[in-house]
There are 2 protein chains.
Amino acid sequence: MNSSTSTKERILAAAEALFAQRGFDGASLRQLTASAGVNLAAVNYHFGSKEKLVEQVFKRRLDALNQHRLAELAKVAGKPSTRLEDVLAAYIRPALELSHEGNGSLFMRVLARAFAEHDDTLRQFLSENYGHVMKQFTAEFARLLPQLDKAELYWRIDLVTGALTHAMSGFGMIQRKDNVTEQQHREQTAAHLIRFAAAGLSHP
Amino acid sequence: MNSSTSTKERILAAAEALFAQRGFDGASLRQLTASAGVNLAAVNYHFGSKEKLVEQVFKRRLDALNQHRLAELAKVAGKPSTRLEDVLAAYIRPALELSHEGNGSLFMRVLARAFAEHDDTLRQFLSENYGHVMKQFTAEFARLLPQLDKAELYWRIDLVTGALTHAMSGFGMIQRKDNVTEQQHREQTAAHLIRFAAAGLSHP
DNA sequence: CGTATGCTCAAACGATCGTTTGATTCCGCT
DNA sequence: AGCGGAATCAAACGATCGTTTGAGCATACG
């Protein structure tokens, strides 16, 4: 039918949407390939297995997120005029904006699922992809919060990540109102998160 | 074999453990009943279906958590001497302590999974069980934070819940060190969370 | 033109799932 | 002791899963 997009990309797009709705185990390859308009065997032909497909769905989005985060961090890292909120914005905004581009809003739910489902395999995969990013952000946070020792800083960054993950997954009480555009809602979320995190990070 | 505990309770205990490890879809009734030492048909006989079993696993723990939370809140609610940290402790400590009693530590992972997997069904279930609890806590937070309007307060409570959920699920960077007992680690987590949340809630 | 290569397709494979069945055992009660 | 409902059991049911197969189609190259 529509061959303007390749079979591989159609599978990836459909997989992202279906994984978000039904979960990794809940989404069958038959639903997935039907939704993508491709043959059932195409997944195993192009990706090798369902599990490899899951990894590719993650890698595609996480690479973009990491690059975006590091680019924003590079703009402010090390500068004397940089405020804590600037680093938090580099950490938070790309994550929230990922929910806005293309089918990205679904990916955030996929990511929330992933943390819970794939116990060690995917967690190690995420750690490998995020490790150096967290290291750079931690170093910059440490520069701006010299009064905190390492252990204390780790604790607080972890709690910020928790609040961010919660906000990204869209599971909280806060729901977007009908009279607010998705972009406005994302901006509100980012603003609240940054102020909340700044207060939690820098409190005495 | 061991009939000191009933078949129903053995199923519930095994289900909690297995759901935490493999997820709701990943854990099969055959694994579950084998682990519990009961017949395969016992689940459908005593609970009606696998889905009903899932609900019971949640209800058992959530009822206890809600009662515990409300009891702690009642000790401080409305009193002039009550500080923000006291209400936060009533909100946070029972949740973290749930990870300590019996097989409760596994339940936190079950809960984290549940948020991601059961899209609307379980979310509605949790909302029904948690609704009145959240209402009471929100009212007390509003009393101690009169400078915040309702919308702002909802945002901040939501972010606190995110940090709490993250900490409970044990998915963060922070891992318990070997020279720290589980109880000490829980106390550290609670202390960090309360201070972090208090700063995030009450910042100007 | 013939052939090689990359891709798609319908169909089937074996495995595993949740659930149901019908017989059998257990246990309290008259 | 004997009846009757509750509980347990082995076995099977139909459905669905991820994966594999082998034939068919397309396009590019000699």
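## Contacts of B:Ala163

Apart from neighbours within four places in sequence, B:Ala163 is in contact with A:Leu159, A:Gly162, A:Ala163, B:Leu193, B:Phe196 and B:Ala197 (contact: C-beta atoms, placed from the backbone, within 7 Å). The model is predicted: local features need pLDDT of at least 70, side-chain atom pairs count only at pLDDT 80 or more, and totals for chains, interfaces and linings use all residues. Residues are numbered from 1 along each chain as its sequence is written, while chains are lettered from A and ligands numbered from 1 in the order in which they are written.

A:Ala163 and B:Ala163 have the most contacts inside the largest nonpolar core, which has 98 residues. Such a core is a set of buried Ala, Val, Leu, Ile, Met, Phe, Trp, Tyr and Cys residues joined through C-beta atoms within 7 Å; buried means 20 or more other C-beta atoms within 10 Å of the residue's own, exposed 12 or fewer, and partly exposed in between.

## Helix H2 of chain A

In helix H2 (residues 29-36) of chain A, the buried residues are A:Leu32, A:Thr33 and A:Ala36 (helices: DSSP runs of H or I, at least four residues, numbered from the N terminus). They line one face of the helix, because their directions from the axis fall within an arc of 90 degrees. These residues pack against helix H1 (7-22) and H3 of chain A. After H2(A) comes A:Gly37, with a positive phi near 75 degrees.

## A:Glu187

A:Glu187 lies in helix H9 (residues 182-202) of chain A. This residue counts as partly exposed because it has 15 C-beta neighbours inside 10 Å. Its C-alpha atom is separated by 9.1 Å from that of A:Glu97, 90 residues apart along the chain.

Technical notes:
Contact = placed C-beta atoms within 7 Å. Helix = DSSP H or I, 4+ residues; strand = E, 2+ residues; numbered from the N terminus.
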